[in-house]
Amino acid sequence: MSDRQRALLPGTVDLVILRTLSEGPAHGFAISRRIRARSEGVLELQDAALYQALHRMEKKGWISSQWGQSENNRRAKFYDLTTVGTKRLAAEARSWREYAAAIASILEPAPAEQE
């Protein structure tokens, strides 16, 4: 992993996978590739974390899967967002934006106290 690349923070793996699948069904390698491309190579999702998250989200009903052919004519499992997953994505995105705004407000210099 280069200095520029970052592992995903805990709690963000589901969010970025759900957001990626909101663009349409994809197999695991394509999901990983989309995340790397959308983050301009900064975010790196390890295979083990990706597949653990996909299995966990499938059990929760946030995504569904079916077997199909990849662009390389290989058998691959394609994942798709469910209605429940779409709702979860909205909730997770809202929570993440609130969290990011709170962190951003801490990073900004405090306004000078008025006397």
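## Overall picture

Residues 24 or more positions apart account for 51% of the contacts in the chain with a separation of 6 or more, where contact means heavy atoms within 4.5 Å. This is a predicted model, in which local features need pLDDT of at least 70 and side-chain atom pairs count only at pLDDT 80 or more, while totals for chains, interfaces and linings use all residues. Residues are numbered from 1 along each chain as its sequence is written, and side-chain values use heavy atoms, with hydrogens and water left out.

The chain has 4 helices and 5 strands, arranged from the N terminus on as β-α-β-α-β-α-β-β-α. Both kinds of element are DSSP runs numbered from the N terminus: helices are H or I with at least four residues, strands E with at least two. Of the 115 residues, 33% count as buried (under 20% relative accessible area; exposed is over 50% and partly exposed lies in between, with a 1.4 Å probe and protein chains only).

## Where α1 meets α2

Two packed helices are described by the angle between their axes and the distance between the axes. Here, the axes of α1 (residues 13-21) and α2 (residues 28-38) come within 10 Å and cross at roughly 100°. Axes are lines fitted to C-alpha atoms, for helices over the stretch in contact, and angles run from 0 to 180 degrees between N-to-C directions. The two helices are therefore roughly perpendicular to each other (65 to 115 degrees; under 35 is roughly parallel, over 145 roughly antiparallel and the rest oblique).

From α1, the residues V16, I17, R19, T20 and L21 meet I31, R34, I35 and R38 of α2. By class, this contact has 5 nonpolar, 1 polar and 3 charged residues. Nonpolar covers Ala, Val, Leu, Ile, Met, Phe, Trp, Tyr, Cys and Pro; charged covers Asp, Glu, Lys and Arg; the others, Gly among them, are polar.

## Rings and a charge

Let's turn to the aromatic side chains. The structure holds 1 aromatic pair: the rings of W96 and Y99 have centres 5.4 Å apart and planes at 35°, so the pair is tilted. Rings of Phe, Tyr and Trp (its six-membered ring) pair if their centres lie within 6.5 Å; planes under 30 degrees apart are stacked, over 60 edge-to-face and the rest tilted. Both residues lie in α4 (residues 83-107), 3 residues apart, about one turn of the helix. W96 is partly exposed at 34% relative accessible area, and Y99 is partly exposed at 46%.

Elsewhere, the charged end of R75 sits over the ring of W67, 4.2 Å from its centre. The criterion is NZ of Lys or CZ of Arg within 6 Å of the ring centre and within 35 degrees of the ring normal.

## A buried loop serine

S70 has its place in the loop between β4 (63-69) and β5 (75-81). This serine is buried, with a relative accessible area of 12%. Leaving aside neighbours within four places in sequence, S70 is in contact with H27, A76 and F78.
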